Amino acid sequence: MEHIRRVLSVIVLNEDGVLSRISGLFAGRGYNIDSLTVAPIPKTNLSRLTIVTSGNTHVLEQIVKQLHKLIPTYKVIESGEFVEKELALVKIPLSEDFNGLDAMLKAYNGTIASSGEDFIVVMVADDYNRIDNFLKAVKKYNPIDMVRSGSVAMDV
Amino acid sequence: MELSGSQMVIEALRKENVSVVFGYPGGAIMNVYDEVYKQNYFKHILTRHEQAAIHAADGYARASGEVGVAFVTSGPGFTNAVTGLATAYMDSIPMVVISGQVPISMIGTDAFQEIDAVGISRPCVKHNYLVKDAKDLARILKEAFYIARSGRPGPVHVDIPKDVTAQMAKFEYPDEIKMQTYKPTYKGNPRQIKKAIEAIVASKRPVLYIGGGAINSNAANEVREFAQICGIPAVETLMARGVMGDENPLLLGMLGMHGCYSANMAMSEADLMIAFGPRFDDRVTGKLSEFAKHAKIIHVDIDPSSIGKIVPIDYPIVGDLKNVVEAMIPLANESVNADKYKPWRDLLKRYDEIHPLKYEDSNEVLKPQWAIERVGELLGDKAIVCTDVGQHQMWAAQFYPFTYPRQWVTSGGLGTMGFGLPAALGAKVAMPEKTVINFTGDGSILMNIQELMTAVESKIPVVNIILNNHFLGMVRQWQTFFYDKRYSSTDLSMQPDFVKLVESFGGRGFRVTTKEEFDKALEEAIASNTVCMIDVQIDRFENVLPMVPAGGTLYNMMLEYKE
């Protein structure tokens with residue numbers, strides 16, 4: 001069966017141990033977590049997890065059902081349209097020739113986030129596959145370090 | 001009014017009408033035990049091992065349908081309890097297990113008898129709590145009981161640090177409970193139910209596949225009525241024994257690895273499977289691609305994640321089985337013609353006549369199947385039948401004449417050796433008017449043998465019948481069939497004198513080699529009104545048959561074993 005990438009937005013009670021219930025569920029049943037981000041939902045007792053997972057349709061259906069089965073799970077949003085963004089930080093030595101970097105940052109919603117004596121840190125926020133492309137393209141500047149967030153997603 | 005955390009535990013149990021708690025004290029739970037000493041609401045039964053306390057609470061829950069309750073201490077007390085929790089979780093048994101924990105300030109320091117208990121129990125309970133403040137305790141205990149018994153039942157673990165059991169706080173036990181995130185579905189979707197009935201009407205060879213959900217939902221009467229109205233033959237899983245009642249002509253028997261021929265053929269040839277609360281366990285289905293491959297499937301289950309987990313379902317119905325079948329009955333009355341399935345019923349009856357469940361009796365040596373049938377003849381519905389795990393368990397499932405739900409107490413999903421004796425104690429405490437029999441093996445019985453002491457001390461007269469083949473029999477059987485008789489570590493010839501052993505605890509023991517001795521021992525054992533052990537010397541090489549080898553197909557059973 002076909003391997004499908006799926007973004008899940010899971011709303012859970014913001015309480016002790018809830019993250020380990022979710023990660024334990026994925027580990028215990030052999031499901032994939034490609035990325036996971038968590039943050040409280042303002043002015044509520046809830047948190048939102050954005051989980052990027054993959055599997056065949058049968059596995060994905062079970063993942064959603066098993067997530068629902070956890071007692072602190074309030075809602076699992078799996079279908080419909082998502083705006084999905086990831087963030088990447090890349091540290092580039094100042095010794096590099098920055099020719100074309102500006103155009104590239106523009107193309108990927110990027111900016112310079114920080115700088116030091118001998119480096120700059122650029123930041124881009126974009127779709128996950130575009131982040132893939134950016135991280136490939138930025139290699140020509142011989143980055144010292146690259147950090148990538150998981151996806152955050154909002155259903156629209 | 002302010003109470004200490006420990007007093008709250010007692011009060012909460014009182015509010016939940018708990019009449020018995022099984023447990024074992026220790027440092028971290030001493031405050032609670034101090035309050036146990038002072039109260040008169042419930043009885044506390046001291047087991048001799050924490051695992052047994054959980055199995056006893058489990059046996060109590062299975063026999064009574066009520067929530068079983070157990071107390072254990074932190075660290076090793078809790079880790080000993082884990083097998084009990086996992087056993088109950090696999091079979092969806094409602095329990096609340098309260099463990100002590102080191103004081104909050106010491107959590108994370110690798111303190112004496114500290115272990116991350118909620119971290120360990122998480123995958124083997126329905127839900128768990130680490131209580132950080134006594135002011136939350138009333139709500140947590142209320143939720144624990146509610147979660148344990150509602151929806152798909154299961155064990156709930158509450159870990160309480162020692163300082164929380166001493167902390168004073170206001171105690172308000174909620175009467176009602178409403179959880180923001182947990183809302184089980186009880187009522188089946190009427191449109192789905194209607195479609196299911198239409199599928200039944202359209203079918204020619206329907207079969208009822210009944211699972212443990214029928215017991216948990218207390219739906220036996222409704223299931224029997226539905227089967228009767230529709231004239232649909234039924235098969236039961238190991239967990240569902242007793243739902244239909246063995247005298248019911250519509251019941252073919254147990255299905256699966258050691259199921260009977262007609263039951264497995266019914267599944268294989270059916271054009272419609274009506275699954276009432278089973279979970280399509282691998283010991284039932286055999287090879288999935290060949291499992292009931294001609295059948296459309298209706299699956300009724302209270303747990304949505306159970307539906308479609310193993311096989312795709314044509315007509316899913318999420319809901320409480322009792323509720324759903326109640327809704328199906330009037331529709332079935334209107335539209336299902338039971339006569340239509342007569343040729344199908346006749347065919348299955350013929351299958352049963354060709355290959356009934358059978359064994360060859362002998363005059364030289366006792367056969368385990370005979371012993372089980374004999375207990376069935378002598379005690380029938382007067383007995384609740386518990387088992388350990390292995391060959392004796394399968395023989396009991398096959399040959400005991402079960403007539404009502406909750407008459408059968410066995411560890412199905414996890415297959416926990418050592419379950420039988422403590423579970424039998426729990427069942428006897430729940431149903432004191434019944435004779436409680438524990439069919440066990442010479443392997444299993446030694447895995448919680450210390451509970452003979454509990455039985456004697458707390459005066460719980462259960463009758464343990466050891467079907468003793470001096471082997472770890474089920475593993476030996478597989479070695480015979482599939483490993484060229486290399487009996488690796490399964491010969492249990494080295495064993496205690498079980499008669500002296502039970503008598504050293506203060507119970508009664510009998511060693512039996514003939515049918516006459518068996519009858520006499522059983523009669524004396526029941527009359528003795530104390531814990532008994534009947535060591536029945538059986539044919540060493542008897543096999544459980546028929547058998548579908550693991551991964552085999554239901555329609556291709558091994559009906560006999562030839563050298």
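**Note on the predicted model of chains A and B**

1. In chain B, the C-alpha centres of domain 1 and domain 3 are 29 Å apart. The model is predicted: local features need pLDDT of at least 70 and side-chain atom pairs count only at pLDDT 80 or more, while totals for chains, interfaces and linings use all residues. Residues are numbered from 1 along each chain as its sequence is written, and chains are lettered from A in the order in which they are written.

2. Domain bounds come from an automatic or database domain assignment. For chain B the assignment gives domain 1 as 2-170, domain 2 as 190-354 and domain 3 as 368-537.

3. The contact between domain 1 and domain 3 of chain B takes 25 residues from domain 1 and 26 residues from domain 3; two residues are in contact if their C-beta atoms, placed from the backbone, lie within 7 Å. On the domain 1 side, β2 (20-23), β3 (43-46), α3 and α4 (76-90) of chain B each supply at least two residues. Helices (H or I, at least four residues) and strands (E, at least two) are DSSP runs, numbered from the N terminus. α3(B) gives the most to this side, with 11 residues. By type, the side of domain 1 that touches domain 3 has 11 nonpolar, 10 polar and four charged residues. Here Ala, Val, Leu, Ile, Met, Phe, Trp, Tyr, Cys and Pro count as nonpolar, Asp, Glu, Lys and Arg as charged, and the others, Gly among them, as polar.

4. The largest nonpolar core has 199 residues, of which Val96(B), Ile210(B), Met267(B), Met273(B) and Ile534(B) touch the most other members. Such a core is a set of buried Ala, Val, Leu, Ile, Met, Phe, Trp, Tyr and Cys residues joined through C-beta atoms within 7 Å. A residue is buried if 20 or more other C-beta atoms, placed from the backbone, lie within 10 Å of its own. Helix α3 (residues 50-64) of chain B contributes the largest share of this core, eight residues. Another core, of 11 residues, lies apart from it and includes Val90(A), Ile92(A), Tyr108(A) and Val138(A).

5. Leaving aside neighbours within four places in sequence, the contacts of Ile534(B) include Val463(B), Ile466(B), Phe510(B) and Leu522(B).

6. Chain A has four helices and nine strands, in the order β-α-β-β-α-β-β-α-β-β-α-β-β. Of its 156 residues, 23% count as buried.

7. Between the chains, 14 residues of chain B are in contact with 17 residues of chain A. The chain B side divides into six nonpolar, five polar and three charged residues.

Notes: A residue is buried if 20 or more other C-beta atoms lie within 10 Å of its own, exposed if 12 or fewer, and partly exposed in between; C-beta atoms are placed from the backbone.
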